[in-house]
Amino acid sequence: MPAAPTERPPSGRVVMVLAWCAAFAHPFVLLSALRAGPYRSTELRLFLSAVAVGLVLPLVRRSPLAALGLLLAGLFAASTTRPEGMLLYLPVLAADAVVGRLAALRPLRVLLPTALGTLAVQIAAATYTTSGQDVFVSTIVALALALLTAGLLGRSVRERRSHAAELRARTAAEAVTAERLRIARELHDVIAHSIGVIAIQAGVGRRVIDTQPAEARNALATIETTSRETLAGLRRTLGALRAPAKDTDGQGPGAAPAPRDPAPGLADLDRLVASTADAGVRVEVRHLGGPGRSLPPEVDLAAYRIVQESLTNVVRHASTPACRVTVDRSEDTLLVEITDDGPARPPAPPTGAGYGIVGMRERAALLGGRFSAGPRPGGGFHVTAALPLPTDATPPLPTDAARPLPTGRPEGTPAP
């Protein structure tokens with residue numbers, strides 16, 4: 001069973017304890033630094049002050065509020081010794097930097113009282129290190145301006161991060177919408193093919209129903225099978241596909257025309273492998289389970305697209321001459337795995353330029369399946385998609401002996 005998310009590993013607890021101990025030592029080290037050195041050397045005290053401030057830095061990343069409190073405590077304690085003002089510049093700047101970090105991480109209801117408290121402590125420390133009203137006033141103005149600058153910089157960083165997160169979410173949503181529109185257009189081709197077959201067979205049955213009853217029964221059987229498969233595909237796919245906004249022609253704004261070629265499937269893997277080999281990557285394909293078992297059109301298409309996108313990523317990013325594709329068909333699941341031995345790489349480009357992983361995950365989710373993609377521990381990349389297969393078999397058609405011949409009358413009408 002995996003560990004709870006909040007449980008910290010032993011090494012992490014040790015680092016945390018050391019960070020707190022170093023931060024607690026800061027006020028005492030700073031106070032001692034201002035009294036150290038032969039003839040109270042300014043250079044030595046500046047160096048020791050920098051060391052004292054450095055003790056708090058490990059805690060700033062984990063608990064900035066606590067780090068700020070210890071910095072202010074050391075600043076005020078050091079100011080009571082009435083040192084030269086320049087010796088306190090570094091602690092003051094460190095406190096302002098922590099306020100800027102808080103501005104980038106925390107909301108205004110936390111930032112405002114923290115900034116006011118910091119300014120109050122800095123002004124109190126200035127009363128020990130300044131002489132004369134004019135110098136004191138100018139020092140307060142300088143402290144306020146420095147603190148305000150740090151806060152504004154932190155808020156700017158926070159807003160920029162928030163804006164970047166919104167852009168990533170919006171771009172990912174647009175990629176999902178585009179992928180769903182593409183799936184809808186491909187599914188349109190499958191349905192159009194099925195309806196075309198039904199129309200042809202219905203026309204054949206109508207023409208031969210009086211002269212060749214056996215041919216009419218075959219046509220009706222084909223219509224029944226095709227319609228059942230099409231309806232099953234519609235229930236599985238369109239049930240999960242939310243309809244996006246469309247314009248008058250039904251294609252959606254700026255959508256490309258629906259493709260006219262037949263939808264590809266796993267039967268076309270050989271052609272895909274050949275084109276990948278032309279690009280310099282050799283693909284080893286393994287079929288497990290029942291390779292001869294027929295697949296629903298939408299599952300066959302999704303599996304092919306996932307393999308196609310994965311091989312495209314291998315060619316573009318993996319820098320490896322070979323990869324492996326495994327297709328395992330069980331009774332209720334089609335498992336597709338694509339593995340390469342290239343260098344580890346992130347699931348998606350950090351710039352957000354590519355959305356192949358998003359599209360593959362969306363295809364699997366629309367069919368109620370599972371999808372995962374990520375680097376392998378020993379190097380390379382691994383893509384896995386598990387697509388559910390329908391388990392409810394189509395009921396068998398009645399045999400010729402059990403099926404009544406068509407009489408042209410509604411069922412239950414007595415013969416003349």
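Me: What makes Arg271 and Asp268 a salt bridge?

Reply: Their closest N and O atoms are 3.7 Å apart. A salt bridge needs a side-chain nitrogen of Lys or Arg within 4 Å of a carboxyl oxygen of Asp or Glu, so the pair Arg271 and Asp268 qualifies. The model is predicted: local features need pLDDT of at least 70, side-chain atom pairs count only at pLDDT 80 or more, and totals for chains, interfaces and linings use all residues. Residues are numbered from 1 along each chain as its sequence is written, and side-chain values use heavy atoms, leaving out hydrogens and water.

Me: Why is Arg271 called exposed?

Reply: Its relative accessible area is 56%. Exposed means over 50%, buried means under 20%, and partly exposed lies in between (1.4 Å probe, protein chains only). Therefore Arg271 is exposed.

Me: How many salt bridges does the structure hold?

Reply: The structure holds 3. One of them joins the side chains of Arg324 and Asp341, at 3.2 Å from N to O. That pair links distant parts of the chain: Arg324 sits in strand S2 and Asp341 in the loop between S3 and H11, 17 residues apart.

Me: What does Arg376 meet in a salt bridge?

Reply: The side chain of Arg376 meets that of Asp341, at 2.7 Å from N to O. This pair also links distant parts of the chain. Arg376 is in the loop between strand S4 (370-375) and S5, 35 residues from Asp341.

Me: What makes Arg324, Asp341 and Arg376 one network?

Reply: Their salt bridges share partners. Asp341 pairs with Arg324, and Asp341 also pairs with Arg376. Side chains of opposite charge can pair when their charged atoms come close.

Me: Is Asp341 buried, partly exposed or exposed?

Reply: Partly exposed, because its relative accessible area is 45%. Arg324 is partly exposed at 30%. Arg376 is partly exposed, with a value of 30%.

Me: Why is His26 called buried?

Reply: Its relative accessibility is 0%, so His26 counts as buried. His26 is found in helix H1 (residues 10-33). Helices (H or I, at least four residues) and strands (E, at least two) are DSSP runs, numbered from the N terminus.

Me: What does the side chain of His26 reach?

Reply: The backbone oxygen of Ala52, at 2.8 Å. Leaving aside neighbours within four places in sequence, His26 is in contact (heavy atoms within 4.5 Å) with residues including Ala52, Val53, Leu55, Val56 and Gly74. Leu70 and Leu71 are among its contacts too.

Me: What does S3 pair with over 8 bridges?

Reply: S3 pairs with strand S5 (residues 381-388), in the antiparallel sense. The partner of Ile338 in S5 is Val383.

Me: How many disulfides does the structure hold?

Reply: The structure holds 0. A disulfide would be a pair of cysteine sulfur atoms within 2.5 Å. Cys323 is buried, because its relative accessibility is 1%. Cys21 is partly exposed, with 48%.

Me: Why is helix H11 (residues 356-366) called largely enclosed?

Reply: Of its 11 residues, 8 are buried, so the rest of the structure largely encloses H11. Among the buried ones are Gly356, Ile357, Gly359 and Met360. Glu362, Arg363, Ala364 and Leu366 are buried as well. Just after H11, Gly368 takes a positive phi of about 75°.

Me: What share of the chain do buried residues make up?

Reply: Buried residues make up 35% of the 416 residues. The chain has 11 helices and 5 strands. Among contacts with a separation of 6 or more, 73% come from residues 24 or more positions apart.

Methods: Polar contact = N/O pair within 3.5 Å; in protein donor to acceptor, adjacent residues only side chain to side chain. Pairing = 2+ DSSP bridges.
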